Amino acid sequence: MTLTNEHIINRLSEKFPEQLSGFEEPYGMLTFQAPKELNLKVLNFLYDDEELKFRFMTDLCGVHYPERKGEELAVVYHLHNLEDNVRIRFKVFTDINQPDVYTATGLFSAANWMERETYDFYGVNFVGHPKLKRILNVDEMDYFPMRKEFPLEDQSRIDKDDEMFGRG
Amino acid sequence: MSEQHIKLPEGSIEKTTTTLNLGPTHPATHGVMQNILELDGERIVSTEQTIGYIHRAFEKIAERRPLYQITTLTDRLNYCSSPINNMGWHLTCEKLLGVKTPKRVDYLRVIIMELSRISDHLICNSIVGVDAGAYTGFLYVMQYRELIYEIYEEVCGARLTTNMGRIGGFERNFNDIAFQKIEKFLAEYPKVLKEFENLFQRNRIFMDRTKNTGAISAERALNYGFTGPNLRAAGVDYDVRIQSPYSSYEDFQFNVPVGTTGDNYDRWLVRGKEMWESLSIIEQAYQKVQDFKGTEADVFHADVPEYYLPEKADVYTKMEALIYHFKIVMGETEIPAGEVYQSVEGGNGELGFYLISDGGRTPYRLHFRRPCFIYYQAFEELTKGAMLSDAIMTMSSLNLIAGEMDA
């Protein structure tokens with residue numbers, strides 16, 4: 001029988017009763033969130049279960065929501081069941097003051113550099129990562145540039161007049 | 001020369017490994033990426049990759065640009081096949097905005113995307129030849145890469161970083177010169193591709209250089225998140241055009257070549273065969289485009305005045321066109337809030353765009369799922385225990401494009 005979003009919701013709800021939330025289907029892709037302590041359990045369940053079989057990690061990225069106090073940083077996993085062609089999006093949220101999330105590198109080798117990129121951009125500390133250091137930015141950088149508080153351009157420049165560039 | 005080999009007693013010489021920096025500027029690294037190799041003689045013990053030399057903060061820039069200005073950023077991801085990146089971005093926007101493109105637009109997009117796939121694979125395969133020492137193939141097919149760039153130039157004005165198309169279609173209809181060039185390409189290229197294949201495919205030296213080097217099994221490749229020709233060479237027939245068809249790919253008949261061992265030779269063969277398949281798709285698409293007659297042949301964009309700039313003549317004479325023009329340029333159009341993930345089959349695999357919009361003028365978050373970034377992680381596993389020269393061949397056959405790796 002085909003793997004529908006409803007069926008996935010049922011399987012997830014019976015395995016993790018009351019712990020998952022935020023079930024929605026934007027543009028057809030099932031999206032849900034779990035508390036950050038459960039991220040590996042959910043990923044393992046989605047991987048091992050013989051009906052769900054989400055064995056391909058398409059993407060791992062971070063998002064910063066400064067208004068959500070206590071859970072500002074999100075880590076978003078996109079998984080793909082290649083045989084039945086079903087995609088799923090799974091989010092965990094973590095506090096910006098203590099952004100620890102368990103690493104998924106044990107399950108997906110693809111997560112290695114993607115978690116490094118999320119650390120580099122947002123400062124999410126992936127617990128258990130083999131080598132969590134900056135990957136795209138210089139090693140000496142001491143802030144996490146994709147967070148919303150950092151403006152796109154360097155505000156300390158005095159040689160450019162923003163008024164002239166249409167953004168004053 | 002002396003034939004004697006010095007046989008030293010065990011433990012009499014301290015053996016250390018050499019650290020070699022296959023640095024960011026090196027003729028064999030295509031684009032800027034660094035590999036720090038630990039060598040035991042000629043054999044590689046371990047490698048460490050450093051990337052980020054061409055990181056241009058696209059994801060941060062994209063948070064401050066309206067949707068139509070992000071196309072120029074996407075050009076510069078995989079710059080060998082920038083139309084595919086552009087079309088992928090337009091498809092993402094169209095999915096978010098709920099825009100449905102007419103069939104003619106889809107077929108024109110398919111022609112352009114397959115031409116850029118041919119260009120990308122041609123660059124990769126000929127560079128694999130160059131890294132093995134054979135320059136002729138690379139220079140010989142350059143003429144047909146030029147022809148493809150001339151086709152892009154007719155359509156959008158640029159050769160490499162094309163910024164091609166708009167949300168809903170193209171900025172102008174393909175003119176007669178563009179169609180003539182496409183016909184010329186379809187007529188002349190097959191012979192050239194055949195000759196290019198004859199140079200390498202059953203060449204003893206090339207086969208010895210590429211066979212059984214850089215091999216990866218299908219399970220490891222899937223675990224590493226490989227997609228595209230690298231995954232297909234390992235034996236998994238995952239192609240985004242077939243699994244989740246976009247831009248009317250379901251209307252075309254084509255095969256997906258799949259390898260067995262995932263080594264460099266298989267990757268070269270898969271890319272070569274994909275070029276033949278792309279050629280066949282372009283022929284089918286061209287035929288379908290020619291079948292549109294009369295006013296249908298003038299359709300080159302969807303009818304979405306909220307997102308597609310109206311004709312300048314109308315802007316100066318009609319009220320609605322003026323209002324739409326103002327709203328689009330000043331960023332007053334309604335972008336629905338939501339999150340969307342759209343992927344296309346790029347030259348290197350599944351190029352994905354994860355766009356979160358909060359209803360404002362610019363995206364809240366845009367993340368590019370870049371295939372090169374993801375599969376370069378596997379380089380250490382691919383080259384462990386291999387010779388240095390095999391590492392060079394593996395690096396070029398993986399088709400690592402620094403622009404896509406770093407974004």
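Predicted model: local features only at pLDDT ≥ 70, side-chain atom pairs only at ≥ 80, totals over all residues.
Chain A has three helices and seven strands. Read from the N terminus, its elements follow the order α-β-β-α-β-β-β-β-α-β. Along the principal axes, the C-alpha atoms of chain A fill a box of roughly 65 × 35 × 30 Å. Of the 168 residues in chain A, 38% are buried. When contacts in chain A between residues at least 6 apart in sequence are considered, 49% of them join residues at least 24 apart.

One residue of chain A deserves a remark on its backbone. A:Tyr27 has a phi near 55 degrees, which is a positive value in a residue other than glycine. A:Tyr27 sits in the loop that runs between strand E1 (21-24) and strand E2 (30-34) of chain A. There are 13 other C-beta atoms within 10 Å of A:Tyr27, so this residue is classed as partly exposed.

The two chains touch through 30 residues of chain B and 25 residues of chain A. On the side of chain B that touches chain A, at least two residues each come from helix H1 (58-62), helix H8 (218-223), strand E4 (338-346), strand E5 (349-357), strand E6 (365-369) and helix H14 (371-376) of chain B. By class, this side of chain B consists of 11 nonpolar, 10 polar and nine charged residues.

The largest nonpolar core has 144 residues, and the members that touch the most others are B:Ile111, B:Val155, B:Leu400 and B:Met405. Helix H4 (residues 103-131) of chain B gives this core its largest share, 13 residues. If neighbours within four places in sequence are left aside, the contacts of B:Ile111 are B:Ile182, B:Ile282, B:Ala285 and B:Tyr286.

H4(B) also packs against helix H3 (residues 82-97) of chain B, at an angle of about 140 degrees and with the axes 7 Å apart. Because of this angle, H3(B) and H4(B) count as oblique to each other. From H3(B), the contact uses B:Ser82, B:Pro83, B:Ile84 and B:Met87, while H4(B) contributes B:Arg109, B:Ile112, B:Met113, B:Ser116 and B:Arg117. Five of the residues in the contact of H3(B) with H4(B) are nonpolar, two are polar and two are charged.

The contact of H11(B) with H16(B) comprises two nonpolar, three polar and one charged residues.

Chain B, too, has a residue with a positive phi to point out. For B:Asn163, a residue other than glycine, phi is near 45 degrees. B:Asn163 belongs to the loop between helix H5 (135-156) and helix H6 (176-200) of chain B. B:Asn163 counts as buried because 20 C-beta neighbours lie inside 10 Å.

Conventions
Residues numbered from 1 in each chain as written. Chains lettered and ligands numbered in written order. Nonpolar A, V, L, I, M, F, W, Y, C, P; charged D, E, K, R; others polar. Core = buried A, V, L, I, M, F, W, Y, C linked by C-beta atoms within 7 Å. Buried ≥ 20, exposed ≤ 12 C-beta atoms within 10 Å, placed from the backbone. Helix = DSSP H or I, 4+ residues; strand = E, 2+ residues; numbered from the N terminus. Contact = placed C-beta atoms within 7 Å. Axes fitted to C-alpha atoms, helices over the stretch in contact; angles between N-to-C directions. Parallel < 35°, antiparallel > 145°, perpendicular 65-115°, else oblique.
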